[in-house]
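Biologist: I am new to reading structures. Could you walk me through one?

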Amino acid sequence: MSEIIRRDPRREWIARNRLHPEHASVLAALGVSGGAVSEWLGPNGVVRKDPRAIGFIGPNGIKRIDRSGLQQGGQTTATTTSARDSRRMVTIDQPAFLVAVVPDLTGGRLSGHDKDLLGLARRVADADTEQPGAVVAILFGEHKEEALGEAGIDRVVHLDDEFYAGFAPEARLAALSAVEREMTPRFWLLPDSPLGGADLGRRLAVRLGERAATGVWQIEADNEAPRGWRCTARGGAGSLDIQRPLPRVALALAECAEPVDETRHAAEHLTLAASLPTTLSRIEDLGQVAVDPAGVALAEAEFILSGGNGIKQWDAFHHAAKVLGATEGASRVAVDDGFMARDRQVGATGTWVTARVYMAVGISGAIQHLQGIQRCDKVVAINLDPGCDMIKRADLAVIGDSAQILAALVAMVEQQRGGQRDAA
Amino acid sequence: MRPDQQQKQQQQGIDVAVLVSIGRHPTTGRARRAEQDARGLELALSMEAELPGTRISMLHAGPQGDGSEAALRGYLGMATGVGMGLESMTLLEQPEGSDAIPALAAHLAATSPQLVITGARAERGEGSGLLPYALAEHLGWPLVNSLASVEKVENGVVTLLQALPRGQRRRLKVRLPAIISVDEAAPAARQSAFGPARRATFAITPTTPEADSELAQWHLAPARKRPKRLKIVKAASARDRFKAAASKAEGKGGQVLTDVTPEQGAEAIYKLLKEEEVLR
């Protein structure tokens with residue numbers, strides 16, 4: 001083949017003419033995928049631009065040009081823009097020291113508090129860039145977190161034996177003592193939260209003979225302190241700020257540091273060399289007690305079934321809440337119409353809820369309502385209107401008649417429970 | 001076990017020690033009975049009502065003075081009637097700024113009650129909530145935190161309800177002797193009556209005080225308001241910053257099921273509820 005560039009003026013002409021019937025096929029033949037190109041190298045080595053090919057037609061029928069670089073000429077929507085993972089990968093092979101973190105792992109996931117705490121651990125570990133430390137996370141029980149490294153964890157000790165389940169402070173403390181013996185972390189950081197971190201952290205501190213700093217909300221480097229850090233902690237039932245050197249064991253409040261978001265870490269799994277002794281517990285866990293969900297305050301309920309204007313059969317709704325074991329909530333319309341009590345209203349003017357699972361049935365999602373459910377983890381929506389705001393917020397949305405779907409769900413739960421009882 | 005024997009067992013009752021501290025009114029800063037410790041005493045009094053023969057002893061370690069005495073009489077006024085419970089309390093006398101843990105541990109080891117009830121944390125001073133844990137470690141007793149109620153006491157085993165976040169409860173069986181700490185989940189304390197509070201007496205026990213030298217070195221200041229976390233937008237381009245500032249928060253691509261039968265929809269929801277473990 002010769003090196004001479006052969007030109008086909010007719011095809012070039014068709015490629016330039018967007019209105020030509022063969023325009024698309026010629027473009028495809030020229031090796032340009034999808035629509036018109038806005039920029040190409042001309043035959044004389046000059047860059048040619050087609051200003052008409054830039055941009056896309058916006059929702060109002062007006063041409064929009066996006067110069068952020070995300071939008072390529074000719075493509076009509078921004079759906080193909082994949083968020084590039086620009087986070088830096090960090091691996092620490094030879095850590096100078098270890099910072100141990102024991103997250104709460106509520107429901108198998110790192111909570112916001114856990115992530116803040118890991119951010120704090122990263123700050124302590126990365127203070128000296130020459131000799132960085134590694135963050136070791138000790139996880140009890142099964143977890144559903146796939147991206148542990150993205151939260152800033154270098155090493156993971158995962159203990160998911162069954163005797164750590166429930167309230168087992170003695171077994172967990174024995175495991176942490178084993179970690180202490182094998183790895184001797186420079187710092188132990190735990191969340192000061194009622195979900196278990198506050199209890200376990202205090203037990204650990206007393207076992208290690210350390211006077212823990214509790215309610216830590218700020219740390220700063222301090223060369224005079226024995227470990228190089230000084231902390232500010234809440235004391236005296238929240239009425240005092242105590243400034244003291246950071247001890248080995250610290251229990252930190254939520255928002256003590258920014259969560260990690262610029263780096264990714266290895267989250268390498270470690271196993272403990274010594275097998276853990278099985279301790280004879282003096283505390284026996286008889287399991288959770290069934291609590292009347294209606295008696296749980298709406299603001300702290302774990303699972304809320306909330307009804308709005310789309311509900312026509314309120315008896316069926318109440319029955320569903322009872323079968324599912326959910327606390328009942330309502331939108332403002334349902335309350336104003338008298339179907340639910342005022343103290344059940346969710347939203348900016350009602351209660352700001354923190355449920356792990358929020359099920360919105362027949363609620364279209366006014367902005368005040370969406371504000372009220374900002375802190376919910378998982379939102380399930382059942383609605384007839386596929387375009388409403390609640391569907392956009394929801395993690396799982398089912399479009400259909402709410403009465404039928406709720407009835408089917410209730411039947412399914414009752415059938416499962418019945419099956420379990422037969423088996424037992 | 002025959003019924004009359006059972007009756008006898010229940011009649012026996014246990015020794016309960018309640019540790020109380022001096023509280024601080026959140027707005028005025030005056031000394032008062034501490035909220036959580038009063039709840040602990042309330043729990044002990046309700047145990048006494050259910051389990052006749054239960055003996056309650058109240059314990060406080062600290063200096064003796066007019067201000068603290070008035071606050072401590074707040075607890076003594078919670079007596080239920082003539083001849084019931086609290087006619088006096090033990091005051092382990094030690095100067096201000098002493099460590100309460102060694103004194104309390106020594107006293108508890110000497111008197112050996114079967115159950116020790118404390119509040120979760122103090123309202124003055126460090127207020128770290130470490131005291132019950134330190135006592136449990138000193139004495140080698142099991143500890144249960146955040147108690148909601150005591151269900152029954154049988155054969156040296158106590159059945160408790162522990163309060164969990166989100167209004168949940170957990171049932172535990174603990175072998176006595178044990179330490180339990182109470183917080184806001186326990187039933188609210190009754191009012192303090194003036195007459196019984198005046199009539200009650202203090203049994204003052206001198207101790208060998210150990211100064212809390214570590215606390216003396218720390219810098220204590222009234223709590224500052226914590227800075228509110230700012231929503232930091234780390235965006236490379238102007239468009240991203242504008243979007244973050246102007247657009248409504250959207251879920252990150254939730255799953256939308258259209259054109260499904262109610263059964264299929266219900267199944268998808270059921271799966272999610274199972275995964276999240278909210279169905280019991």
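The dialogue below covers chain shape, strands, helices and cores.

Modeller: First, this is a predicted model, where local features need pLDDT of at least 70 and side-chain atom pairs count only at pLDDT 80 or more, while totals for chains, interfaces and linings use all residues. Residues are numbered from 1 along each chain as its sequence is written, and chains are lettered from A and ligands numbered from 1 in the order in which they are written.

Biologist: How many helices and strands are in chain A?

Modeller: Helices (H or I, at least four residues) and strands (E, at least two) are DSSP runs, numbered from the N terminus. Chain A has 10 helices and 21 strands.

Biologist: What is the strand order in the open sheet?

Modeller: Two strands pair if DSSP finds at least two bridges between them. This open sheet has 10 strands, in the order 15(A)-8(A)-7(A)-6(A)-9(A)-13(A)-10(A)-11(A)-12(A)-12(B), with mixed pairing. Strand 15 (268–270) of chain A and strand 12 (219–222) of chain B are the edge strands, each pairing on one side only.

Biologist: In which sense do strand 11 and strand 12 of chain A pair?

Modeller: Strand 11 (residues 229–235) and strand 12 (residues 240–245) of chain A are antiparallel, over six bridges. One bridge joins Arg230(A) to Pro245(A).

Biologist: Which strands does helix 5 of chain A lie across?

Modeller: Contact means C-beta atoms, placed from the backbone, within 7 Å. Axes are lines fitted to C-alpha atoms, for helices over the stretch in contact, and angles run from 0 to 180 degrees between N-to-C directions. Helix 5 (residues 197–208) of chain A lies across strand 9 and strand 13 of chain A, at about 165° to strand 13.

Biologist: Which residues have the most contacts inside the largest nonpolar core?

Modeller: A nonpolar core is a set of buried Ala, Val, Leu, Ile, Met, Phe, Trp, Tyr and Cys residues joined through C-beta atoms within 7 Å. Buried means 20 or more other C-beta atoms within 10 Å of the residue's own (exposed: 12 or fewer; partly exposed: in between), with C-beta atoms placed from the backbone. The largest core has 118 residues, and Val99(A), Val101(A), Leu189(A), Ala250(A) and Val18(B) have the most contacts inside it. Strand 7 (residues 134–140) of chain A gives the largest share, seven residues.

How values were computed: Contact = placed C-beta atoms within 7 Å.
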